[in-house]
Amino acid sequence: MSQDFTTPTEVPSLEKLQSLNTVGTISYVLHLIVAVSAFIPGGQFGVTLLLVALILDMVKRDDAVGTWHASHFRWRIRSVVIAGVAYLVTMPLFLLLYFPGAIAWALISVWFLYRIITGFIAMNKGQEIGA
């Protein structure tokens, strides 16, 4: 039993990695603006930015296949989906009982902010990020 080492594995080019890093930086910054604006009264313009960042991630994630950047695309997309579902689930609570709903939304926003900062730091270190 011998392994065939003659088939070269595709190594992503430096240009491709730099492009993915640029897209990742733009996306993380947009997510960061959204996360911070959740704590600023009247700063809820973030939904539009969040959708822009999500669409950017969805369109460009195929470019990252086979690179460590792929984990960051998954991380950002999952963060948005989980936070979105959590906001939707707690919306009736927010509308019916303002104070408990506001606490729930603040906790979701803190969690989202944590995920974005953690991912941004890992990307800048050139590291993959977990699920």
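Predicted model: local features only at pLDDT ≥ 70, side-chain atom pairs only at ≥ 80, totals over all residues.
**Entry 1**

I looked up Leu51 to begin with: its relative accessibility is 48%, so Leu51 counts as partly exposed. Residues are numbered from 1 along each chain as its sequence is written, and side-chain values use heavy atoms, with hydrogens and water left out.

I found Leu51 in helix 2 (helices are DSSP runs of H or I with at least four residues, numbered from the N terminus). Together with Val47, Ile55 and Val59, Leu51 makes a nonpolar surface patch of about 400 Å². Patch residues have over 30% relative accessible area and no salt bridge, and nonpolar side chains (Val, Leu, Ile, Met, Phe, Trp, Tyr) are joined within 5 Å. The areas come from the Shrake-Rupley method with a 1.4 Å probe.

**Entry 2: Val81**

Next I turned to Val81, which is in helix 3. Its relative accessible area is 45%, so Val81 is partly exposed.

**Entry 3: Salt bridges**

How many salt bridges does the structure hold? I noted 2, each needing a side-chain nitrogen of Lys or Arg within 4 Å of a carboxyl oxygen of Asp or Glu.

Asp57 and Arg76 meet in one, at 3.1 Å from N to O. This pair links distant parts of the chain, with Asp57 in helix 2 and Arg76 in helix 3. Asp57 and Arg76 are both buried.

Asp63 and Lys60 also meet in a salt bridge, at 3.3 Å. Asp63 has 36% relative accessibility, so I wrote it down as partly exposed. Lys60, at 28%, is partly exposed as well.

**Entry 4: The largest pocket**

Last, I looked at the largest pocket, whose volume is about 690 Å³. Of its 27 lining residues, Ala38, Val47, Tyr87, Trp105 and Ser109 are the closest to the centre. On a 1 Å grid over the protein atoms alone, a pocket is an open set of points where a 1.4 Å probe fits, with protein on both sides within 12 Å along at least five of seven lines; lining residues have an atom within 4 Å of a point. The volume is the space filled by probe spheres set on the points.

Which helix gives the most to the lining? Helix 3 does, with 9 residues.

How values were computed
Helix = DSSP H or I, 4+ residues; strand = E, 2+ residues; numbered from the N terminus. Patch = residues over 30% accessible without salt bridge, like charges linked within 9 Å, V, L, I, M, F, W, Y side chains within 5 Å. Buried < 20%, exposed > 50% of the residue type's maximum accessible area, 1.4 Å probe, protein only.
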